[in-house]
Amino acid sequence: MSAGRPRSQATTKAVLDATLDLLCGEPYGRVSIERIAATANVAKTAIYRRWCSKALLVAEALRGDDDPFVERDTGDVTADLVALLERGWAEAHLPHRRVALRVMVESHHDHELAGAIRNQVIEPRREALRRVLRRGVARGQLAPDCDIELLADLLAGPLLRAVLLEHGQPLPTDLARRTVELALEGAKARRAAPVSQ
């Protein structure tokens, strides 16, 4: 970032909020920088000073608050994963999360948008899961050869299904724990069977 007058946080928030408001009602292709600027009551130049493209702006707006995906380290891989999923699922039905899934579908036809969403929205959340799983391997709680990428997919699957198909219905309170326990069952480190005499 170049030296100069600090950027207004209020302007940044107004632009991000305006972007989400517009995306809640219309597809990505119909939301323009001009309309975002008008909705946020800012100049287009204020937007382009912060984001060099609409795709990057939209990805940042969809990213939202990363705090639910900051993993805790209690020393137990199961407890850490349950806590991580519960925090993520608690915000799953917020408007911008549902919009994010719709825009992800639209991104199949826009490589720049797909890359921005992958880098800013999806990858930070997957990496949080990976870190917890790697710690489980390092502590001997998970098998050293477990497939971390597949495990991350298995853990995220029920949330994606719920958001896409359940139309805002509340998730079962024990779903995170059941998901983690089932997904980790095949990845747990096994003690060698005693050698028979």
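Student: What should I know about the numbering and the model first?
Tutor: Residues are numbered from 1 along each chain as its sequence is written, and side-chain values use heavy atoms, with hydrogens and water left out. The model is predicted, so local features need pLDDT of at least 70 and side-chain atom pairs count only at pLDDT 80 or more, while totals for chains, interfaces and linings use all residues.

Student: How many helices and how many strands does the chain have?
Tutor: Helices (H or I, at least four residues) and strands (E, at least two) are DSSP runs, numbered from the N terminus. From that end the elements run α-α-α-α-α-α-α-α-α. The count is nine helices and zero strands.

Student: What share of the 197 residues counts as buried?
Tutor: Buried means under 20% relative accessible area, exposed means over 50%, and partly exposed lies in between (1.4 Å probe, protein chains only). Of the 197 residues, the buried share is 42%.

Student: Is Cys-146 buried or exposed, and how many disulfides are there?
Tutor: Cys-146 has 14% relative accessibility, so it counts as buried. Cys-24, at 45%, counts as partly exposed. A disulfide is a pair of cysteine sulfur atoms within 2.5 Å. By this rule the number of disulfides is zero.

Student: How is helix 1 oriented relative to helix 4?
Tutor: Axes are lines fitted to C-alpha atoms, for helices over the stretch in contact, and angles run from 0 to 180 degrees between N-to-C directions. Helix 1 (residues 9-25) and helix 4 (residues 54-63) have axes 9 Å apart and pack at an angle of about 90 degrees. Angles under 35 degrees count as roughly parallel, over 145 as roughly antiparallel, 65 to 115 as roughly perpendicular and the rest as oblique. Helix 1 is therefore roughly perpendicular to helix 4.

Student: Which residues of helix 4 make this contact?
Tutor: Contact means heavy atoms within 4.5 Å. From helix 1 come Val-15, Leu-16, Thr-19, Leu-20 and Leu-23. From helix 4 come Leu-57, Val-58, Glu-60, Ala-61 and Leu-62.

Student: Why is helix 4 described as largely enclosed?
Tutor: Its buried residues are Lys-54, Ala-55, Leu-57, Val-58, Ala-59, Ala-61 and Leu-62. Helix 4 is largely enclosed by the rest of the structure because the buried residues number seven of the 10.

Student: Which residues touch the most other members of the largest nonpolar core?
Tutor: A nonpolar core is a set of buried Ala, Val, Leu, Ile, Met, Phe, Trp, Tyr and Cys residues joined through side-chain atoms within 4.5 Å. The largest has 29 residues. Helix 1, helix 2 (33-40), helix 3 (44-50), helix 4, helix 6 (95-106) and helix 7 (111-138) each supply at least two residues of this core. The residues touching the most other members are Val-15, Leu-23, Ile-36, Ile-47, Leu-57, Leu-62 and Val-103.

Student: What does Thr-179 contact, leaving aside its neighbours within four places in sequence?
Tutor: Thr-179 sits in helix 9 (residues 175-185). At 9% relative accessibility, Thr-179 counts as buried. With those neighbours left aside, its contacts are Leu-85, Trp-89, Leu-154, Leu-155 and Pro-158.

Student: What distance separates the C-alpha atoms of Leu-159 and Gly-88?
Tutor: Leu-159 belongs to helix 8 and is buried, with a relative accessible area of 17%. Leu-159 and Gly-88 are 71 residues apart along the chain. Their C-alpha atoms are separated by 8.7 Å.
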